[in-house]
Amino acid sequence: MSATAPTPGRPKAARASSGGSGPRAAGERGGYVSIGEAARASGVSAKMVRHYEALGLLGDVARTDGGYRQYGEADIHTLRFIKRARDLGFSMAEIAGLIGLWRDRARASASVKQIAQAHVNDLEKRIQAMQAMRRTLQNLLHHCHGDERPDCPILDDLAGQPPP
């Protein structure tokens with residue numbers, strides 16, 4: 001199943017009534033909530049909810065007769081999934097793949113593990129690069145007098161000049 005397929009158990013283009021005002025429980029309006037309520041419930045900003053929808057990570061989102069987005073519990077669950085994956089540093093492409101696997105009950109866990117392992121390998125490379133940057137900066141700081149003189153090995157290094 002692709003990452004853009006509708007969430008199982010939800011009509012592809014369901015419509016919810018737009019009657020009443022103010023916040024409502026998820027059980028009202030046929031189990032749908034507004035984008036603001038979905039954002040609050042999932043811990044994701046409304047702007048990011050729209051972004052994830054535009055990327056196809058939520059499938060088809062229900063709309064009211066007036067065109068307002070309406071999110072069901074499955075959408076909120078998916079938003080929480082995305083938030084957690086983002087918190088772990090997965091890319092949007094990786095998240096799309098993980099959502100596809102999450103929705104596919106016939107998936108092989110090896111496919112999920114492969115994505116996670118590739119992400120861990122990437123994190124390790126980034127950690128090593130950041131540690132190298134830290135060592136370089138610490139070395140430059142050690143050689144900087146930090147006094148009133150204009151000589152500065154930090155600026156010299158940034159300018160590509162060898163230390164005196």
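The protein contains 6 helices and 3 strands in what is a predicted model. Of its 164 residues, 28% count as buried. Contacts that reach along the chain are also worth a look: among those between residues at least 6 apart in sequence, 55% join residues at least 24 apart.

Spanning residues 73–87, α3 has 15 residues and extends 21 Å from its first C-alpha to its last, close to the 21 Å expected at 1.5 Å a residue. Its buried residues are D75, I76, T78, L79, I82 and A85. An α-helix has 3.6 residues a turn, so residues three or four places apart point the same way. The partners of the buried α3 residues are α1 (35–42), α2 (46–54), β3 (69–70) and α4. After α3 comes G89, which has a positive phi, near 85 degrees.

Helix α4 (residues 92–103) packs with helix α5 (residues 109–143) at an angle of about 160 degrees, and their axes lie 10 Å apart. Because angles over 145 degrees count as roughly antiparallel, α4 is roughly antiparallel to α5. Their crossing is left-handed. On the α4 side, the contact is made by E94, G97, L98 and L101, while α5 contributes S111, V112, I115 and H119. Sorted by class, this contact of α4 with α5 comprises 4 nonpolar, 3 polar and 1 charged residues.

Definitions and conventions:
Residues are numbered from 1 along each chain as its sequence is written. This is a predicted model: local features need pLDDT of at least 70, side-chain atom pairs count only at pLDDT 80 or more; totals for chains, interfaces and linings use all residues. Side-chain values use heavy atoms; hydrogens and water are left out. Axes are lines fitted to C-alpha atoms, for helices over the stretch in contact, and angles run from 0 to 180 degrees between N-to-C directions. Helices (H or I, at least four residues) and strands (E, at least two) are DSSP runs, numbered from the N terminus. Angles under 35 degrees count as roughly parallel, over 145 as roughly antiparallel, 65 to 115 as roughly perpendicular and the rest as oblique. A crossing is left-handed if the near helix is turned anticlockwise from the far one by less than a right angle, and right-handed if clockwise. Contact means heavy atoms within 4.5 Å. Ala, Val, Leu, Ile, Met, Phe, Trp, Tyr, Cys and Pro count as nonpolar, Asp, Glu, Lys and Arg as charged, and the others, Gly among them, as polar. The expected span of a helix is 1.5 Å times one less than its number of residues. Buried means under 20% relative accessible area, exposed over 50%, partly exposed in between (1.4 Å probe, protein chains only).
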